[in-house]
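Hello,

Here is the structure for you to look through. My notes on what turned up follow below it.

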Amino acid sequence: MEKLVIRGGKPLVGEVSVSGAKNAAVAILPATILAGGKCVIENLPDISDVAASVQILHEMGAQVRMLNRSTLEIDTSHMLTTVAPEELSRRMRASYYFLGALLGQYGEGSVSMPGGCDLGPRPIDQHLKAFAALGASYEVDRGMIHVSSEKLSGEHVFFDTVSVGATINAMLAAVQAEGVTVLENVAKEPHIVDVANFLNTMGADVRGAGTDVIKIRGGQPLHGCTYSIIPDQIEAGSYMVAAVITHGNLLIKNVIPKHLEPITAKLEQAGATIDEYDDAVRVCCVGEIEPLNVKTMPHPGFPTDMQPLMGVLLSVAKGTSIIRESIWDNRFRYVDELLRMGANIQVDGRTAVIEGVSRLKAAPVRAMDLRAGAALVVAALAAEGVSEIDDIQYIERGYEDLVGKLRAVGADIKKVEKPERVLSNAI
Ligand code: EPU
């Protein structure tokens with residue numbers, strides 16, 4: 001087991017390059033099944049969730065070849081099974097995208113009921129509602145979910161709640177449903193548009209991604225293609241917050257500034273100076289951090305995945321801030337850890353009231369989930385003294401080479417092996 005050791009208090013200065021978007025990659029990899037041929041996927045982030053998706057494809061019969069560090073050639077011409085390996089698919093929430101892709105391509109598919117970070121109840125009723133509307137049936141048996149259909153037909157689906165996963169899964173199945181599918185009340189995140197662009201590059205006809213209504217003319221013959229994944233909005237936002245809280249100056253490269261707007265707007269309000277270039281942003285902060293009110297919302301609102309990072313930033317603002325979490329029940333799990341670092345935060349349900357303190361102090365803390373972990377890294381970068389962060393496997397699900405990237409801009413951070421626990425009564 002490994003942990004991070006971080007000596008805080010150093011401003012981050014220099015350049016950092018953002019990797020491909022995790023939440024696009026974990027959908028595009030299963031979507032290669034729909035090609036029934038060779039796809040070359042570029043700008044894949046080197047993170048454990050991507051490794052797990054690739055392993056699932058490989059175990060199901062896809063031929064996978066690494067062309068360079070961030071590019072894979074995936075040949076799905078000869079898949080051996082429509083059942084995703086149970087253990088691997090249970091580990092990762094996004095394995096549910098195999099359902100949509102397998103249903104579209106083969107008319108059936110099975111995955112383990114999805115796991116992933118514990119952010120509270122994470123139902124998939126809207127995914128299943130879309131599959132059922134297209135003509136599929138489903139059943140859960142011994143922890144596996146099976147979907148199947150004789151024939152998929154285009155339909156009108158109105159989602160009850162705005163869901164990233166259900167929107168993408170419906171698109172994956174609908175590209176092979178005969179006729180026109182209209183998806184309403186869909187999610188509009190940048191990775192929805194990225195997946196739609198990937199499907200279109202394979203020959204699909206998906207229109208309207210990025211708006212509230214997506215229209216899909218299904219049944220087009222799909223083929224392999226070369227596709228480059230968009231930069232990760234949340235990784236970029238995490239470095240933006242790290243620059244602000246350490247009063248540093250970072251040029252964050254390989255980003256799409258438009259995708260960062262909800263984050264940029266809040267950070268500017270908090271006192272940061274942000275310059276936008278074609279594919280980079282420069283973030284610095286010299287003055288004090290101003291308190292803010294933040295409410296998480298589906299895109300283009302403030303992203304829930306940035307909420308823990310924003311909570312850390314506001315814990316050192318000069319005044320009282322309020323954060324309202326409107327997506328997940330359980331996204332304040334970083335707060336108890338942050339209290340150990342001297343923060344002053346009260347959580348009531350989905351609302352946190354944050355009284356800014358002048359300085360965070362180092363402490364041993366635990367990453368409770370991916371973004372909570374990233375938030376604690378950022379807290380430790382700003383804190384006085386040496387912090388230790390445990391359970392970093394969560395962070396490695398979504399941040400490529402976090403230690404290397406932070407060290408290159410002046411952070412004092414290292415990954416160390418944890419000594420085996422010695423039982424107190426061992427002889
Ligand atoms: N929901 C339902 N029924 C469904 C699906 C969702 O009620 O069938 C509810 C959820 O309980 C939640 C809300 O709808 O309250 C939004 O959930 P959504 O389906 O949009 O989330 P997701 O697809 O499971 C993705 C990201 C999350 C991110 C959310 C919201 C992936 C693999 N995960 O999850 O990312 O928080 O969208 O933007 O794309 C992360 O990267 O740290 C992460 C957790």
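**The ligand and its contacts**

An oxygen atom of the ligand sits 2.7 Å from a polar backbone atom of Gln126. Keep in mind that this is a predicted model. For Ser163, a polar side-chain atom is 2.6 Å from a ligand oxygen. For Trp328, an N or O atom of the side chain is 3.0 Å from a ligand oxygen. Of the 820 Å² of accessible area that the ligand has on its own, the protein covers 89%.

The shell around the ligand counts 25 residues. Gln126, Ser163, Val164, Asp305 and Ile327 are the closest. By class, the shell has eleven nonpolar, seven polar and seven charged residues.

Which helices supply at least two residues of that shell? They are α1 (22–31), α5 (125–133), α6 (164–174) and α12 (370–382). The largest share comes from α5, with three residues.

**The pockets**

Where does the ligand sit? The space it takes is the largest pocket. That pocket has a volume of about 1100 Å³. Its lining is made of 50 residues. Nearest the centre of the largest pocket lie Tyr96, Arg122, Val164, Ile327 and Trp328. Several helices give two or more residues to this lining: α1, α5, α6, α7 (190–201), α8 (233–245) and α12. The lining of the largest pocket divides into 24 nonpolar, 13 polar and 13 charged residues.

A few residues turn up in both lists. Val164 and Ile327 are among the closest to the ligand, and Val164 and Ile327 are also among those nearest the centre of the largest pocket. Trp328, with its side-chain contact to a ligand oxygen, is another of the residues nearest that centre.

The second largest pocket has a volume of about 240 Å³. It is lined by 15 residues. Ile245, His247, Ile289, Val316 and Ser358 lie nearest its centre. This lining holds seven nonpolar, four polar and four charged residues.

**The cavity**

How many cavities of 30 Å³ or more does the structure hold? There is one. The largest cavity has a volume of about 60 Å³. Its lining consists of Glu235, Ser238, Tyr239, Ala242, Leu309, Ala374, Val377, Val378, Leu381, Tyr399, Leu402 and Leu406. Helices α8, α12 and α13 (402–408) each give two or more residues to it. In this lining, ten residues are nonpolar, one is polar and one is charged.

**Two backbone details**

Most residues other than glycine have a negative phi, and most peptide bonds are trans. Two spots in this model are worth a look on that score.

Pro300 lies in the loop between β17 (293–295) and α10 (307–314).

Asn254 belongs to the loop between β14 (249–253) and α9 (261–269).

**Where to start**

Begin with the ligand, then follow the largest pocket, whose space the ligand takes. Go on to the second largest pocket, with Ile245 and His247 among the residues nearest its centre. After that, turn to the cavity lined by residues including Glu235 and Leu406. Finish with the loops that hold Pro300 and Asn254.

Best wishes

Technical notes
Residues numbered from 1 in each chain as written. Predicted model: local features only at pLDDT ≥ 70, side-chain atom pairs only at ≥ 80, totals over all residues. Heavy atoms only, no water. Near = heavy atom within 4 Å. Polar contact = N/O pair within 3.5 Å; in protein donor to acceptor, adjacent residues only side chain to side chain. Areas by Shrake-Rupley, 256 points an atom, 1.4 Å probe, with all protein chains shown as cover. 1 Å grid on protein atoms, 1.4 Å probe; cavity = no way out; pocket = protein on both sides within 12 Å on 5 of 7 lines; lining within 4 Å. Sits in = over half its atoms within 2 Å of the grid points. Helix = DSSP H or I, 4+ residues; strand = E, 2+ residues; numbered from the N terminus. Nonpolar A, V, L, I, M, F, W, Y, C, P; charged D, E, K, R; others polar. Points joined across faces, edges and corners; volume = space filled by probe spheres on them.
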